[in-house]
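Please consult the sequence and the structure alongside the text.

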Amino acid sequence: EEDLWRYISLDHLANLLRTEELLFRRISCFSDPFEGSVPKAFVERRREIYEESDSHPDHLPNVLSAVNKKVRDSVYANCWHRSNIESEAMWEHYGNSGVAVVTDIDSIFESLEKEDQTILIKEVPYLNYYASYDELSVEEQSTLKQVLEYASSDLLAPAIMKRKSFKHENEVRLLRPEVELISEREYEDVQANIEVDDQEW
């Protein structure tokens, strides 16, 4: 089992020791402007899946776009690097002449057991954000299919997708959602009343 590393500044370490709490940041505040978005091929394949189904309204893509924006603005994350060795690249990007905190997944679970809030632990998939589905390699298509499979039942999926250029981070995210995924007013704005089993919700 690989270790989990968090490279932090001395100020963050002092805050961690003082509060005994992990720092969660809203993903829209992360430096990567693609946080909370989904790849081009993901959008294409998702549209094709819905077009093949008679049970989804035509405006569902607009609803999902609204949900993606809500996720970006309402989900908080605490990020860890999974590896059995120290990473020079992670020191350069996140260490800030600070320290590395090293733990494992069992310890993370144990530390979160008493939390009142829901906290999810997710591995980050690294995807090609720019290519159409047919332009992806066989490996990239396989990864995308896996992501599509769980994204169909997990509306928080955009909170963990990242571009392949970040693959060296080998990231595991703790997610704290503080989100009512989409309000009634926003449903009206995108002209969406989704029917499931003939019941509106």
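The account below moves from the chain as a whole to one helix and then to a network of salt bridges.

The model is predicted. The protein chain contains 7 helices and 10 strands. Of its 201 residues, 40% are buried. Among contacts with a separation of 6 or more, 83% are between residues 24 or more positions apart. The chain exposes about 12,400 Å², of which carbon and sulfur atoms supply 45%.

Helix α3 spans residues 60-74 and has 15 residues. From its first C-alpha to its last it reaches 21 Å, close to the 21 Å expected at 1.5 Å a residue. The buried residues of α3 include L60, V63, L64 and V67, and N68 and S74 are also among them.

The count of salt bridges comes to 13. The table lists some of them.

| Salt bridge | Closest N to O distance |
|---|---|
| K162 and E35 | 3.7 Å |
| K162 and E169 | 3.1 Å |

The bridge between K162 and E35 links distant parts of the chain, 127 residues apart. K162 belongs to strand β7 (residues 162-163), while E35 sits in the loop between β2 (25-26) and α2 (40-51). R173 lies in strand β8 (residues 171-177), so its pairing with E35 ties together parts that are 138 residues apart in sequence.

E35 is buried, with a relative accessible area of 2%, and R173 counts as buried at 0%. Both K162 and E169 are buried as well. Through shared partners, salt bridges join E35, K162, E169, E171 and R173 into one network.

Methods
Residues numbered from 1 in each chain as written. Predicted model: local features only at pLDDT ≥ 70, side-chain atom pairs only at ≥ 80, totals over all residues. Heavy atoms only, no water. Helix = DSSP H or I, 4+ residues; strand = E, 2+ residues; numbered from the N terminus. Expected span 1.5 Å × (residues − 1). Buried < 20%, exposed > 50% of the residue type's maximum accessible area, 1.4 Å probe, protein only. Contact = heavy atoms within 4.5 Å. Areas by Shrake-Rupley, 256 points an atom, 1.4 Å probe, with all protein chains shown as cover. Salt bridge = Lys/Arg side-chain N within 4 Å of Asp/Glu carboxyl O.
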